[in-house]
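Okay, thanks for coming, everyone. I'd like to walk you through a pair of packed helices today, so let me get the picture up on the screen.

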Amino acid sequence: MERILVKDTTKKIGKKVLLKGWINNLRDHGKISFIDLRDRSGIIQVFATSELSNQVHTQSAVEIEGEIKNRPEKLINPNLETGKIEVEASKLTVISKSRELPIDMGKEELELELPTLLDLRPLTLKNPKQTQIFKIQAEIAKNFRDAAEALDCTEIFVPTISASATEGGAEVFNIKYYDKEAFLTQSPQLYKQIMVGVFERVYTISHAYRAEPSITTRHLSEVVQLDCEIGFIDGFEELLNALEFVGKSLVKVGVKEKPLVSTKIPRLKLREAQKIIEERTGRNLTKEMDLNPEDEIEICAWAQEVHKSDFVTITHFPTKKRAFYTMPDPEEPEYSLSYDLLFRGIEISSGSQRINDYDTLVKAIKERSLNPKDFEMYLTAFEYGMPLEGGFSFGLERLTMKLLNLQNVREASLFPRDMKRVDKLL
Ligand code: AMO
């Protein structure tokens, strides 16, 4: 008999079927038991005699043959797609047996502390609530590809090993590379810019590494970034429009609590945002060069209340606080043509218009006490015709965390890395 998926069982009432999957839960009632069978498409209840079920443990991989039947009216489960039916098992074969479980996997929501949840990842990820986080994450990534393609960007794949600690800052991982030293890239930035000189518009989904010096609920040491870079732009406005178009596209996923998306996302210069925060909280931020986490929460609360928007775009950060490649605003060069997109209280994306003139770029590199020699490959692209350009990068885990209202960004990473953890605690 050919295997069918759980999602197709509703069309097979009265028929004999073969299902394959894992035992998500097993309720033993003496002579009979109820099994929740989970496959990639869903969950279905299986009714089995104890002779069939007494050898199996929860999470074992099994094959079940049986007949699909309507459930008695009072046993219908409205929370399950297959809640009106069940399988009456005639044969149960264990493909691979599960050991005794170290935790209770029978609950809808795993009641575990985060370290246990992460230590037992291969098991805890099988919990449907956990699985759902990463289904949503896959939807976000798909939406990103669709939005970037709609902007006519070409997908590129860039290296994550670099010969120099490029973007500056202390948060770089050194690696031993044969008998030399190398670094893990902090972002695909330099390569995506080079590729604008080739394709004009590009996008990439890539891993980025940050040796974050502290443990917070919003920082990981390895992240997935969703980057776009666009050439021959007419100006800054075009970049903001692209950023917000992609942002709005990313959040069109199957979550219960739909994001508030207004037609026009509110846009504020950093100083305007700081003024609003001061009016609301009394905190004077005029000397601050950036928004701290508390400020991000406050300005997002303002955007929700006043503009019914979970998004707010902040522009014009001080030039010296942004990376060397950021274009200063020609009208006010201490401020830059840069932006952050905030969503539900956190920065989920960042970007800018870039310096596209070779000499200005070399000067900006030197001004930050970096060495132009370390940027040889990158700078070459600016010697051979770099158009006006800019781009942005979304953090996949932060976006997933906020869309699902998770408390810690680690819950939105399959195998999170931080100062204390690589798979397990170090
Ligand atoms: P930035 O450093 O702001 O910009 O990163 C872009 C986005 O990536 C996510 N992110 C992180 N998420 C979790 N933990 C971290 N340690 C972490 N670091 C970054 C955030 C952030 O908004 N090259 C520029 C982008 C550009 O200018 O195009 C860059 O990397 O969501």
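Let's begin just past the end of α4, at D152, where phi is positive, about 70°. Keep in mind that this is a predicted model.

Now back to the helix itself. α4 covers residues 128–150. At its start, a side-chain oxygen of N127 comes to within 3.0 Å of the backbone nitrogen of K129. How does its length work out? At 1.5 Å a residue, the 23 residues of α4 should span 33 Å, and the end C-alpha atoms are 32 Å apart, so the two agree.

Next, the partner. That's α6, residues 236–250. It has 15 residues, and from first C-alpha to last it reaches 21 Å, close to the 21 Å expected.

So how do these two sit together? Two packed helices are described by the angle between their axes and the distance between the axes. Here the angle is about 145° and the axes are 8 Å apart. The crossing of α4 past α6 is right-handed.

Which residues meet? On the α4 side you've got I140, N143, F144, A147 and A150, and on the α6 side F245, V246, S249 and L250. By type, that contact has seven nonpolar residues, two polar and no charged ones.

In α4, the buried residues include I140, N143, F144 and A147. Besides α6, the cover over the buried residues of α4 includes α2, α3, β10, β11 and α11. Over in α6, V246, S249 and L250 are among the buried residues, and E244 is buried there too.

Conventions
Residues numbered from 1 in each chain as written. Predicted model: local features only at pLDDT ≥ 70, side-chain atom pairs only at ≥ 80, totals over all residues. Heavy atoms only, no water. Axes fitted to C-alpha atoms, helices over the stretch in contact; angles between N-to-C directions. Helix = DSSP H or I, 4+ residues; strand = E, 2+ residues; numbered from the N terminus. Left-handed = near helix turned anticlockwise from the far one by under 90°. Contact = heavy atoms within 4.5 Å. Nonpolar A, V, L, I, M, F, W, Y, C, P; charged D, E, K, R; others polar. Expected span 1.5 Å × (residues − 1). Buried < 20%, exposed > 50% of the residue type's maximum accessible area, 1.4 Å probe, protein only. Polar contact = N/O pair within 3.5 Å; in protein donor to acceptor, adjacent residues only side chain to side chain.
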